[in-house]
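Trainee: I am new to this structure and would like to learn how to read it. Could we go through it feature by feature?

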Amino acid sequence: MLTRRGRAVVGVAALAVVLAATFGPRSLNAVVAPAAVVLAAGYLQVRNTPDVVVDRTPPANAHVGECRTAELSFRRRDGSALSRPFLADVTERVQGGLQPVESDDATVTERADGDAEITFETTVGDDPLRYEVAYEGRGQHALGPATLTATDAFGLFEQEIELRGTETTIVYPQVRRLGTVGRRSLGRLQEYSRSDQRGEFEELREYVPGDPLRDIHWKTTAKRDELVVTEFAAETDAESITVAAGANADGADTMAEATASVVLGLVGEGVPVELSLPRGEMRIGPEYGGQQAMLRTLAVIESGPIPDPDADVVIKGRANDASVDVRGSQHRFAELVDSRVAADPAQPAEVEP
């Protein structure tokens, strides 16, 4: 197919033919002959474009706010290497939730459907094309298909080749560091993640907000005119803490972020968790893992009712934030975390008692 430049060359050559017919053959020799040569050369270059397929290496699964590298490599359909590089524009489609990063050799355009396209003006050969992808929204997102538009050296002809096939990348919810309030709240919860058969009396101490009312020692409280609670020695190691999460119609994202942060905070401290979600249940713990499975589930979780309203921790996602109920103590998720994300989401900040 002729490009705009190719059509211009054909138009100039046609005009030269008209001028030659009017003023003599010199115009024909000076313009038409060179135009015919470059048109023929360009046509042959594009016609001999090999049958190409693309091998796509998607970026690794990561969390919202991170950046990873995608790679495109090319070969002949029969599997052999490209013996002769050729000029082409390569356009890769990237689904919404992922955002290709513009660079010196690549431009990014936004599509009306919310996806994006990154285009390279390059020479297609043995060297792969690489581009950075920013992770903007949780979910499972596709890269591809791609389109290759081969051109000749003069830019007169082009041939479009559809490179079918896609690959997917999972974007996990962001995992936030627990702030002072969050560490204290979950730390107290950890103290009571014991067997119901508590050990013998250990000591009396001053009441701290969040202590169960059943532990208040009323006789001593009356004498001291201040709340005093009974401290028991635990007989067994920590048992599982139950966490349940649900969300309003527009709160799935905040639910996923809050759930990931709270559960990984507990597991990082060595406390196993029994998690209930609108789409099922799972166990996550230091001994039997489950963190990655939970993150994959939370990446695609949708809104739904809270399956266990009586859980130790109840999380409800709303449009702009989530509420976190820790054994009757109500918090906004934003109050439990600081402004930083976990340095390693698989190993977030420790929970302080």
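Trainee: Which residues of helix 6 (residues 291–300) are buried?

Mentor: Some background comes before the answer. This is a predicted model, in which local features need pLDDT of at least 70 and side-chain atom pairs count only at pLDDT 80 or more, while totals for chains, interfaces and linings use all residues. Residues are numbered from 1 along each chain as its sequence is written, and side-chain values use heavy atoms, with hydrogens and water left out. Helices (H or I, at least four residues) and strands (E, at least two) are DSSP runs numbered from the N terminus. Buried means under 20% relative accessible area, exposed over 50%, and partly exposed in between, with a 1.4 Å probe and protein chains only. In helix 6, Q291, M294, L295, T297, L298 and A299 are buried.

Trainee: What do the buried residues of helix 6 pack against?

Mentor: An α-helix has 3.6 residues a turn, so residues three or four places apart point the same way. Contact means heavy atoms within 4.5 Å. The buried residues of helix 6 pack against helix 5 (252–268) and against strand 2 (62–63), strand 9, strand 11, strand 16 (273–277) and strand 17 (280–284).

Trainee: Which strands pair with strand 9?

Mentor: Strands of a sheet pair through backbone hydrogen bonds, either parallel or antiparallel. Two strands count as paired if DSSP finds at least two bridges between them. Strand 9 runs antiparallel to strand 4 (residues 86–94), with 6 bridges, and E92 has A146 as its bridge partner. Strand 11 (residues 167–172) is joined to strand 9 in the antiparallel sense by 5 bridges, with H141 partnered by T169. Strand 10 is also antiparallel to strand 9, over 6 bridges. These two strands form a hairpin with 6 residues between them, and G155 in the turn has a positive phi of about 70 degrees.

Trainee: Where is D152, and is its side chain buried or exposed?

Mentor: D152 is found in the loop between strand 9 (139–151) and strand 10 (158–163). D152 is buried yet has no salt bridge, and the nearest side chain of opposite charge, R5, is 7.1 Å away. For charge, Lys and Arg count as positive and Asp and Glu as negative, with His and the chain ends not counted. A salt bridge is a side-chain nitrogen of Lys or Arg within 4 Å of a carboxyl oxygen of Asp or Glu. The side chain of D152 does reach the backbone nitrogen of F154 at 2.8 Å, and a polar atom of that side chain lies 3.1 Å from the backbone nitrogen of G155. Leaving aside neighbours within four places in sequence, D152 is in contact with G42, Q45, V46, L87 and F157.

Trainee: How many salt bridges does the whole structure have?

Mentor: Side chains of opposite charge can pair when their charged atoms come close. A search of the whole structure finds 14 salt bridges. One of them joins E71 and R130 (2.9 Å, N to O). E71 is in strand 3 and R130 in strand 8, 59 residues apart. E71 is partly exposed at 22% relative accessibility, whereas R130 is exposed at 52%.

Trainee: Which residues are linked in a network of salt bridges?

Mentor: The network links R93, R111, D113, D115 and E117. Within it, the closest N and O atoms of D115 and R93 are 2.9 Å apart. D115 lies in the loop between strand 6 (106–110) and strand 7 (116–124) and R93 in strand 4, so this pair ties together parts 22 residues apart in sequence. D115 is buried at 11% relative accessibility, and R93 is partly exposed at 27%.

Technical notes:
Polar contact = N/O pair within 3.5 Å; in protein donor to acceptor, adjacent residues only side chain to side chain.
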